[in-house]
Amino acid sequence: MPTDVTELRKRISALQFRGDPSAADLAHELVSAVEASAGETSLAAADALDLLASCYLSRGDGPRAIRFFTQALRVGKAAGEDHALLAVRTSFLAFAHLLRGDAEPAVEEATRALGLREGAPAAAQAKVAGNAAA
């Protein structure tokens with residue numbers, strides 16, 4: 001990845017950590033930059049979409065978080081992402097549904113995430129289990 005994309009990621013993470021709502025705007029720029037350099041169906045694009053979704057999740061915007069986690073999962077699957085990362089992303093999608101108050105889709109996604117975590121490293125399994133428990 002070019003340095004400017006790496007720096008953009010760092011700025012987004014810092015803004016998100018501080019709870020700054022402008023992190024999502026910057027994350028949209030990141031998605032556009034990554035898609036232009038690495039392609040729309042790449043692991044880098046899936047990762048950028050995931051960061052965008054997490055910005056919305058941290059703002060409490062469940063509908064947008066769901067939209068972008070779903071897109072990140074679609075792109076990640078198409079790019080051949082490993083099951084551990086797909087499991088973690090799916091668990092965050094479940095959490096976003098829960099935030100929105102949609103219990104049934106939250107349970108469905110949490111169950112899917114738990115199924116995907118088989119064989120994943122312990123850290124990924126713990127993250128999935130924690131999100132599923134929520």
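Contact is taken here to mean heavy atoms within 4.5 Å, and helices are DSSP runs (H or I, at least four residues) numbered from the N terminus. The structure is a predicted model, in which local features need pLDDT of at least 70 and side-chain atom pairs count only at pLDDT 80 or more, whereas totals for chains, interfaces and linings use all residues. Residues are numbered from 1 along each chain as its sequence is written, and side-chain values use heavy atoms, with hydrogens and water left out.

Helix H6 (residues 103-116) comprises 14 residues and reaches 20 Å from its first C-alpha to its last, close to the 20 Å expected at 1.5 Å a residue, the expected span being 1.5 Å times one less than the number of residues. Its buried residues (under 20% relative accessible area, 1.4 Å probe, protein chains only) are Ala106, Glu109, Ala110, Ala113 and Leu116. They cover an arc of only 120 degrees around the axis, which puts them on the same side of H6; the arc is that of the directions from the helix axis to the C-beta atoms. An α-helix has 3.6 residues a turn, so residues three or four places apart point the same way. On the other side of H6, Glu104, Val107, Thr111 and Gly115 are exposed, that is, over 50% in relative accessible area, with partly exposed denoting values in between. The buried residues of H6 pack against H5 and helix H7 (122-133).

The buried residues of H4, among them Ile66, Phe68, Phe69 and Leu73, pack against helix H2 (22-38), helix H3 (43-58) and helix H5 (83-100). At the N-terminal end, H4 is capped by Asp61, a side-chain oxygen of which lies 3.3 Å from the backbone nitrogen of Arg64. Gly80, which follows H4, has a positive phi near 85 degrees.

Aromatic rings of Phe, Tyr and Trp (its six-membered ring) were paired if their centres lie within 6.5 Å, planes under 30 degrees apart counting as stacked, over 60 as edge-to-face and the rest as tilted. By this rule the count comes to two aromatic pairs. The rings of Tyr56 and Phe68 are stacked, because their centres are 5.8 Å apart and their planes lie at 15 degrees; both residues are buried. The rings of Phe69 and Phe92 are likewise stacked, with centres 6.0 Å apart and planes at 15 degrees, and this pair links Phe69 in helix H4 to Phe92 in helix H5, 23 residues apart. Phe69 is buried at 1% relative accessible area, whereas Phe92, at 22%, counts as partly exposed.

Methods:
Helices (H or I, at least four residues) and strands (E, at least two) are DSSP runs, numbered from the N terminus. A polar contact is a pair of N or O atoms within 3.5 Å; within protein, one must be able to donate a hydrogen and the other to accept it, and residues adjacent in sequence count only if both atoms are side-chain atoms.
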